[in-house]
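Let's take a walk through a protein together, one region at a time. Have a look at the picture below, and then read on.

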Amino acid sequence: MQDLSSDLPLTFQNVALCAGATKILDRLSLAITPGAPTFIVGPNGSGKTSLLRLCMGLVAPSEGSVRWGGREAVGPGRLAMLFQRPVMLRRSVAANVNYGLKQAGLPRSLRKARMEEALARVGLLELADRPARRLSGGEQQRVALARALAREPELLLLDEPTANLDPAAARGLEEMVLMAAQSGVKIVMASHDLGQVRRLAGEVMFLVRGRLCERAGAADFFDRPSTPEAAAFIRGDLVI
Ligand SMILES: Nc1ncnc2c1ncn2[C@@H]1O[C@H](COP(=O)(O)OP(=O)(O)O)[C@@H](O)[C@H]1O
Ligand SMILES: [Mg+2]
């Protein structure tokens with residue numbers, strides 16, 4: 001029997017997203033199901049962020065439908081999203097995580113333990129009392145990850161979360177995303193870093209100019225791309 005509280009599968013049926021006369025995304029039909037991480041890959045401006053915003057329910061499609069576990073609205077508190085730049089409140093690290101738990105409706109008596117567990121998961125428990133905005137970019141992104149994971153999401157959406165981090169901080173965050181995936185959180189992540197995609201992706205959705213050009217298992221995508229656009233992108237050639 002289908003779990004009525006689940007947001008998965010997340011399905012797009014013939015979805016278009018328009019801004020004025022421009023189609024940012026067009027004719028997207030796809031399903032996101034539990035399993036290995038799904039990566040949204042494509043050149044700048046191909047629609048990765050817009051696709052994630054639709055997945056999160058932050059924007060409505062201009063045409064077609066998006067459904068979460070068969071429902072037309074996002075379920076309560078099972079989705080979380082990380083952005084390219086972490087959004088930190090001008091408060092302590094602990095307060096940032098607690099805020100997320102409060103928003104998710106977790107009773108106050110349960111918040112402290114959940115907050116500490118989440119900060120321990122990202123290796124930041126020692127920094128719990130520091131002002132969040134004073135931390136490095138990599139640490140702030142880990143706080144954002146802790147705030148998301150503390151809510152025990154079913155689905156975690158990440159929009160190029162390592163784009164502004166140095167390689168060591170980026171690899172650190174990758175490890176934590178991988179751990180979340182291994183603990184059963186469904187990961188949907190946008191990236192234009194092909195090394196990162198090779199390291200983390202179970203499957204790849206390749207966007208070009210707002211269309212889903214190719215969808216394949218990660219190994220197949222890299223070894224046997226089925227479109228000239230994907231082959232060019234993997235070679236590092238400009239795809240426009
Ligand atoms: N609100 C908007 N109004 C007009 N154009 C937009 C808007 N949001 C995104 N776009 C355009 O849609 C295209 C896809 O953007 P985006 O989803 O941010 O792509 P990506 O994340 O792959 O770089 C870009 O050409 C962008 O300029
Ligand atoms: Mg983007």
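Predicted model: local features only at pLDDT ≥ 70, side-chain atom pairs only at ≥ 80, totals over all residues.

Helix 1 gives the most to the shell around ligand 1, with 3 residues. Helices and strands here are DSSP runs, numbered from the N terminus, with at least four residues (H or I) for a helix and at least two (E) for a strand. Residues are numbered from 1 along each chain as its sequence is written, while chains are lettered from A and ligands numbered from 1 in the order in which they are written.

Which residues are around ligand 1? They are Ala 19, Thr 22, Ile 24, Gly 42, Asn 44, Gly 45, Ser 46, Gly 47, Lys 48, Thr 49 and Ser 50. A residue is included if its C-beta atom, placed from the backbone, lies within 6 Å of the molecule. Strand 2 (22-32) and helix 1 (48-56) each supply at least two residues of this shell. Sorted by class, the shell has 2 nonpolar, 8 polar and 1 charged residues. In this scheme Ala, Val, Leu, Ile, Met, Phe, Trp, Tyr, Cys and Pro count as nonpolar, Asp, Glu, Lys and Arg as charged, and the others, Gly among them, as polar.

Two strands pair if DSSP finds at least two bridges between them. Strand 1 (residues 10-19) and strand 4 are joined by 5 bridges in the antiparallel sense, and Gln 13 stands opposite Ser 65 in strand 4. Contact means that the C-beta atoms of two residues, placed from the backbone, lie within 7 Å.

Stay with strand 1 for a moment, as Asn 14 lies there. Asn 14 has a positive phi of about 50° although it is not a glycine. Is Asn 14 buried or exposed? Asn 14 counts as exposed because it has 12 C-beta neighbours inside 10 Å. The cut-offs are 20 or more other C-beta atoms within 10 Å for buried, 12 or fewer for exposed, and partly exposed in between, with C-beta atoms placed from the backbone. In the segment before strand 1 you will find Pro 9, which a cis peptide bond joins to Leu 8, with omega about -5°.

Now look at strand 5 (residues 79-82), where both faces are covered. Leu 79 and Met 81 on one side, and Ala 80 and Leu 82 on the other, are all buried. In a regular strand the side chains alternate between the two faces of the sheet. Strand 5 runs parallel to strand 6 (residues 155-159), joined to it by 4 bridges, and Met 81 stands opposite Leu 157 in strand 6.

Finally, step back to see the whole chain, which is divided into domain 1 (1-78 + 153-240) and domain 2 (89-151), with bounds from an automatic or database domain assignment. Their centres, taken over C-alpha atoms, are separated by 25 Å. Where they meet, 11 residues of domain 1 are in contact with 11 residues of domain 2.
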